[in-house]
Each structure stands twice: as C-alpha cells, then as structure tokens.
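Biologist: I would like to learn how to read a model feature by feature. Where do we begin?

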Amino acid sequence: MNDEQYIVVADAVSRRFGNVQALLPTTLRIERGETLAVMGPSGCGKTTLINLLGALDRPTAGRVLFRGIPLSYSDRDVTDLHRRDVGFVFQGFALIPSLTAVENVELTLVARGDNPATRRRTAERLMDEVGLGQYHHRFPEEMSGGQRQRVAIARALAHQPALILADEPTGNLDQQTSRAIAGLLIERAAETGAALAVVTHDPGIAGRMGRIIQMCDGALAETPGRPGSAAAGFSQ
Ligand SMILES: Nc1ncnc2c1ncn2[C@@H]1O[C@H](COP(=O)(O)OP(=O)(O)O)[C@@H](O)[C@H]1O
Ligand SMILES: [Mg+2]
C-alpha cells in the first residue's frame, strides 16, 4: 500500500529527551479503521509513541504522515489535525471540572466552529450513545471513574476523528469497568470507521483489537495476531 492509504504512518521516528532515548527509530503504519493495542512495561516508550502519532509531540528524527502527507508541525497544521482528525482519551480523563459533562463534550465542537444549538444537540446525542443519557448536566466530580471516561470517549468522538488514540484509558478503573469502557471504545470506533490505537496492560482488552504491538526499551518488539501484518504495518 502507498502511505496515503494509511491514516497515519510513523516513518523512522525516534524521540530523545536529554540523555534518555525514549523511542528508537521506529516505523509503524496504521490502516484506516484498524484497531491496535500497544503493550509493554512501564517506561518502554508507549506514551512517547502515541504522542508522536497524535502530534502532541515532535520526533527528534523521522516523519509522521497523515493520509500520506508529512506533518509540518506548524501551529496551523497541528491545530487542524486536532480539530479534525485525531481524538484523544487519557488515563486521567482530562475533563474540565467547572463544566458539566455535556459541556465538556461540546468543547471539541467549539473549536470546530459549530453553532451553539447544533453543538448542544450533537453533544447530547453522543452522551446518549455512551450510555449517559441521564447524566448530561452532572459535573465530573459527581460521576464515577467509569462514567467520567465515558464522557471523555464522547468528547474524543465528537468531531468524528479518523484516528482515536487512547493512552491507558482504563488504567484507573477496575477490571470489569475497564473492559466495558474498552468495549465501548472499540464499538464506537467501529461505528464511525475510526482507527483506534489503545495502550493497555490488560490482555483481555488487547485480545479484542485487530493487532497487538509489544514494546520493549523504546522499540517495537513483535506483532502477534494477524497474519501478514508485519509486512503491512510494522517494521523497525
Ligand atoms: N518529557 C520527558 N522528559 C524526560 N524523559 C521522558 C519524558 N517523557 C518520557 N520520558 C522517558 O522516556 C521513557 C519512555 O517513557 P514513556 O513513553 O512515558 O513510557 P511508557 O508510556 O511506556 O510508560 C522513560 O524512560 C521516560 O522516563
Ligand atoms: Mg505511558
């Protein structure tokens, strides 16, 4: 496949922080609509890789391409990408405490320039879709961890991104809630056709993804799972 057939390609990207080589030169291609788990011990570079894929960070060397086009890292380029193409779900939820749940979801749509009535309708529909129909006007502190993460998922989906990046989205939740939340993410990504990359330590969650990559000491280690995926999406 050509690079434009992938939603995102990390092309020989590496990242160094001072003396720490957080990510060795790594090539990873994610197909449109693909689901991918990223696993590996703490400190092995998972967050570094996810942040580079989502342009929250800039590689020391190498390139990141969206739909085949290399990111320039101009403010404009990065802002456009975050407004249109990428949705993030973080371990700590990252909700704004002074806004209600539905207002948190609406925030994504403010950046897109939707009018207030449309914005509210869309946010309410997304809240309903993540099973929070009764909780539109709750504040984050009035919600459980699982409910907060459902709000964060609704927010990440609001602008219909083509790529959802989730960095240990269930790291603070008990196993049963974790798996329900991961299931919701997988289901919502599939319904919108978005590609989904999830950092997780839970083999039960990873096993539901189309591909699993293992990281170790700043490098990709192996790709069990789909036959042929090494040639299609992964090399080092
Ligand atoms: N901003 C930073 N400054 C310095 N070192 C960092 C920074 N971010 C990550 N690192 C280091 O890079 C390595 C990989 O970190 P990270 O990608 O967060 O790992 P993981 O998400 O797998 O736990 C670790 O050694 C970490 O300490
Ligand atoms: Mg991490």
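Modeller: Begin with one residue: at 14% relative accessibility, Asp 85 counts as buried, because buried means under 20%. Keep in mind that this is a predicted model.

Biologist: Which residue does the side chain of Asp 85 meet in a salt bridge?

Modeller: Side chains of opposite charge can pair when their charged atoms come close. Here the partner of Asp 85 is Arg 67, at 2.9 Å from N to O. Asp 85 sits in the loop between helix H2 (75-84) and E6, and Arg 67 in the loop between strand E4 (61-66) and strand E5 (69-70), so the pair ties together parts 18 residues apart in sequence. Arg 67 is partly exposed, with a relative accessible area of 33%.

Biologist: How many salt bridges does the structure hold?

Modeller: The structure holds 11 salt bridges. Some of them are linked: Arg 125, Glu 129, Arg 188 and Glu 191 form a network.

Biologist: How do I read that network?

Modeller: Take it pair by pair. Arg 125 and Glu 129 meet at 3.1 Å, N to O. Both lie in helix H4, four residues apart, about one turn of the helix. Arg 125 is partly exposed at 43% relative accessible area, and Glu 129 is partly exposed at 28%.

Biologist: And what is the distance between the closest N and O atoms of Arg 188 and Glu 191?

Modeller: These atoms are 2.5 Å apart. Both residues lie in helix H6, three residues apart, again about one turn.

Biologist: Which atoms approach the oxygens of the ligand?

Modeller: An N or O atom in the side chain of Lys 46 is 2.8 Å from an oxygen atom of ligand 1. A polar side-chain atom of Thr 47 also lies 2.8 Å from a ligand oxygen. For Cys 44, a backbone N or O atom lies 3.2 Å from an oxygen of ligand 1. The protein covers 59% of the 560 Å² of accessible area that ligand 1 has on its own.

Biologist: What should I look for in the backbone?

Modeller: Phe 93 has a positive phi of about 70° although it is not a glycine. Phe 93 is in the loop between strand E6 (86-90) and H3, and is buried at 9% relative accessibility. Glu 168 also has a positive phi, about 45°, without being a glycine. Glu 168 is in the loop between strand E7 (163-167) and helix H6 (175-192), and counts as buried at 19%.

Biologist: Last, the surface. Which residues form a nonpolar patch?

Modeller: Ile 96, Leu 107 and Val 110 do, with about 210 Å² of accessible area together. Val 110 is in helix H3 (residues 101-112). At 41% relative accessibility, Val 110 is partly exposed.

Technical notes: Residues are numbered from 1 along each chain as its sequence is written. Chains are lettered from A and ligands numbered from 1 in the order in which they are written. This is a predicted model: local features need pLDDT of at least 70, side-chain atom pairs count only at pLDDT 80 or more; totals for chains, interfaces and linings use all residues. Side-chain values use heavy atoms; hydrogens and water are left out. Patches are made of residues with over 30% relative accessible area and no salt bridge: like charges are joined within 9 Å, nonpolar side chains (Val, Leu, Ile, Met, Phe, Trp, Tyr) within 5 Å. Accessible areas come from the Shrake-Rupley method with a 1.4 Å probe; for residues, only the protein chains shown count as cover. A salt bridge is a side-chain nitrogen of Lys or Arg within 4 Å of a carboxyl oxygen of Asp or Glu. Helices (H or I, at least four residues) and strands (E, at least two) are DSSP runs, numbered from the N terminus. Buried means under 20% relative accessible area, exposed over 50%, partly exposed in between (1.4 Å probe, protein chains only). A polar contact is a pair of N or O atoms within 3.5 Å; within protein, one must be able to donate a hydrogen and the other to accept it, and residues adjacent in sequence count only if both atoms are side-chain atoms.
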